Structures are given as structure tokens and as C-alpha cells.
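Here is a briefing on a chain interface and on aromatic ring pairs. Please look over the structure first.

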Amino acid sequence: MTKHRSGDLVQRSLMFLYLGLLILLPIAAITVASLENGVTALWENITTRQALFALRLTLTTATIMMVINVVMGTLTAYVLVRYDFFGKSVVNALIDLPFAIPTVVTGIMLVILYGPNSVLGSFLSRNGIQVIFDKPGIIFALLFVTYPFVVRAVQPVLQNLSPDTADAARTLGASSLRIFFKVTLPALIPAILTGAALSFSRAIGEFGSIVVVSGNIPLKSQVAAVYIYGELESNNSQGAMGLSVVLLLISFLILIVLNFLQHRRERD
Amino acid sequence: MGNSFQNSNPWKKYLLIGLSMTWFVLLILVPVSGLVGKLAGLPITEILLSLRSKAAANAFLLTGKVTLITVVVNTVMGIIIAKVLVKQHFRGKLLIEGLIDLPFAISPVVAGFMIVILFGPYGWMGTWLETFGIKVVYSLPGIVIATIFVTLPFVAKEVIPVYKQFGVQSEEAAEVLGASKWQTFWWITLPSIKWGVIYGVTLVLARSLGEFGAVLVVSGNVINQTQTATLFIHQEFTDFNYTGAYAASLLVAAIAFTVLIVIQAITDRHKEN
């Protein structure tokens, strides 16, 4: 028995060492470094016009993506679980495609499709819609890289949802639209929120696809992660510190929400 | 299941299928086919030539090296973390469980920046390691650490639920029957968590091959030295060497996707049995 316990202790210590070195120490290091010149200096780095614009653009594009993703992701999960149709298993396998494609490649693909040299891109720009080097491009990139999150969060829950309540409601004469909103949807809300939070947190930090697509024009198409990279490129690590700390805080916040949702699901 | 769900109104069914699949095709398939189409129009020799440069070979070699180390380290550590979190009880366990998710939530650029601060020439770890002559940032160790960081949660996250479901009870039975710790691990634990491990490894593999932001910040992007495949793609693209960029893009994406599909097929077959 004692031999087993000592083995346990070795494994636990190894885990603490690993997580401490790779996660806690880097966070401690950036926290200390960001406060090196005082809180006011950090605040000034966050509140420059360019940084604030980048932060606002990040939050608005991520929010727009999240709303679209919640609707289309839930719909896609619903269709994949409830209906049979030709090619369904292929689609089901391809849902994860965005996880396999490197983010830079996603950006390049969008430039090929919507860029100034493409048929679609030049058609759209002649009609006053600019996708690449502007906000629509950023939103398309975010939608692409976060596509699987809501689908994959909702799908298993919908699969395990007992049809009894829906059947009961139908027997009692409820319309199918009413059943969806009163019976099915409430049961899916925690899963939808989990998918939404995952895609939002991914979008807040997204870099590779956006750096290719957006053109990174300050005060026009520069998001937070790209702003941070720009500051690092010009050797201004103090300037990069401000938004890095803000992004970290947002990450913590989303994680707390996600953990809360997970514990609620496990309790139910 | 099926029938009770199949609504009497077929229009609704076709409308919903049409809507969701149109979205899927426009958002995902059309951009992918656009990339394939760009290369399909070119002679195959030109495509291959664009990948024959020394820079391309070195970039893919470096990515292979980094991916291999990352997969090994995070598989071993992921299984240990899962084992500790499932079987042991200690104070602060909930906090650790939350901590493991952090790399998913942190922006790759910020992750790279944190590693530069900690392991850079003026960082706590950096100054200490430098006394042993080890340079982390702007060289291979930094790229490896960055990739390990962004893929840290995958194996542990996939193994924990499988372990809870299958591993614990059979382990206890084996121990009661007098199996040693290693025997139990090799013959009982590992086979029962196998699918969780395999799926986790696949995700680590795909992400390691494709990681860009964290590696870009940490590596310094020196051609033939610290340039990974994705950095090479980005460089070719910004240098207007489109054929090279497209060919390398397709190669990385195809490798990652093949791995994902093969694993999914194996897992599905296993689930059916």
C-alpha cells in the first residue's frame, strides 16, 4: 500500500511541476512584467486610441460571429441528429475540417476567394462591399475557424435527449415550432452556451487567419492579437503588455463561465 | 429513434437541411475548393518544384521534429494528469482542472509572448538556463515549448472521461487479483483508455502541424533555422510566391485532415463493435 502511495505522490508532483512550469510561471511572469512600470503605465498602454480600437473591433467581430454561429451551429446539429439525407455521414466527418486546417491556410483560402484578384472579390468591391482588408473578412475567418464548436457541443446532447417529452407535447397538440422552443431548446441551452463560449474565446485570441485576411490597418481592421504582434515586432513589449493582460483576463472570465456551465450540466 | 421525429411536413425538413448545408458548403467547402482549384490548374512539375527548395524542406523537417516531440511529451503527461485527476483526491483539484483548460482560452500570440517573457534572455527561466548554455527563445526549444503549451489540454481532456467510465473499476479488480502496478497499467489501464488517448493524440498532431501565432512570436522566423511549415507558408504568401504558398498549404492541411479522418473512421468502427 505504501508503495502505491509513493507512486501516486510522484505522479502528482510531476503534474504540479509540469503545469507550474508551463502555465503558472508564464502567467506569473507576464503579470509581474506588466506591472513593472506601475499600474498607470499599464492603463495608458491599454487606453491608447489604437489599442482601444483593436479591442473594440475584436469584441464586436467575435460577438457577431458568436450570434451567427449559435443559430447556424444549432440548426446544423439539429439537422444532423434528426434527419437522414444523402451525404450526411460525409458532412458529419467534414464538420471538423476547420480544426485540421492551419489558421494561416484559412486566411490564404479566404484571400483566394474574396481577394481583389478573384472573380467574387472584384464583383463585390465593384458593388461597394470590401471583404478582404476589412471587417467582413475578419468575421468570415472567425466563422470558419470556430464552425465546429457549437455543432459539436449541441450534437451529443440532442442525441441523448429523450423523445418522450416532445412526444407528450405533440400528443397534447402542440405545434412543432412550439415544441422546439418550449421543450427542445431549453434542454439544449447549456450546450449551446458552452459552444458559444468556446467559439467566443477562440475568436478573441484568433491570429493566424486574421493576420492574412485583414491587412492589419490600424483603426480600421486591426484586432487585438494582431495589435499585440505588431507591438512585439516593433520591439515595444510594454505596448504589447496592455492588451495581452486584457486578453488574459477575458480568457479567465470565459473559463470561469465554462466551468460553471460544465458543473451545472454534471449536476443535472 | 427516427420516426417520432420525422415531421409530417416534408417542406420543413428540406428547408432546414437546405439551409444548414448551404451554409456549410459556402462557409467551409467553397474556400477549400478555391485553394485546390488554384493548384489544379498548374502543371504538377511546377507544384513539386515549388516545394523542392531548401527552405521548404527545412521548414517541413522542423515541423515534423517539433510535432514528434510535442506528441510524445503531451501524451505521457496527458495520461499522467488524467490518472492523477481521476484517481487522487487532494486540495485544489478543481482549480487544477480549470487550469488545464487555460491554453485553449489564451490567444496564441499572448502564449508566445508569455514564453518569451519567461524564457527570454531577461526572463526568470531564461537567465537561469543561459548559465547552462541553453538558449530557448528564437531556437528549437522555444518552438517546442510554445507548441506543447497550445496542445497541453488535448490528451488529458480526452482521456479523463474515458478513464472515469472504464479504467477505474477494472484497475481495482486487477489489483485485487494481485497484478503489479506496471502490469495493471499496460494490460488493464492502457487498453481501456486507448480510444481517448488516440483521439487526443490526433488533436495534438493536427494542432502541432498547424500552429502559427505562438510559434511566430517565439521563433524569430529565421529561414532554414527556426522557420516551421506554417511560417514558411506565410512567408511565401507575403513574398508573392503564391504557388509555393498554395502547395505547402494544401500539403499541411491534407496531412492533418487525413490523420483526423482515419482516426475518426477507426473510432466509429470501434464504437459500433
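A polar contact is a pair of N or O atoms within 3.5 Å; within protein, one must be able to donate a hydrogen and the other to accept it, and residues adjacent in sequence count only if both atoms are side-chain atoms. Across the interface of chain B and chain A, six residue pairs are in polar contact, both at pLDDT 80 or more. This is a predicted model: local features need pLDDT of at least 70, side-chain atom pairs count only at pLDDT 80 or more, and totals for chains, interfaces and linings use all residues. Residues are numbered from 1 along each chain as its sequence is written.

**Interface**
- Contact (heavy atoms within 4.5 Å) joins 81 residues of chain B with 83 residues of chain A.
- Chain B and chain A bury about 7700 Å² between them, 79% of it on carbon and sulfur atoms. Buried area is the accessible area (1.4 Å probe) that two parts lose on being put together, summed over both.

**Aromatic pairs**
- Rings of Phe, Tyr and Trp (its six-membered ring) pair if their centres lie within 6.5 Å; planes under 30 degrees apart count as stacked, over 60 as edge-to-face and the rest as tilted.
- The count is 16 aromatic pairs over all chains.
- One of them is Trp182(B) with Phe185(B), edge-to-face, at 6.0 Å centre to centre and 85 degrees between the planes.
- Phe185(B) also pairs edge-to-face with Trp186(B), at 6.0 Å and 75 degrees.
- In chain A, ring pairs link Tyr78(A), Tyr83(A), Phe180(A) and Phe181(A) into a cluster.

Terms used
Chains lettered and ligands numbered in written order. Heavy atoms only, no water.
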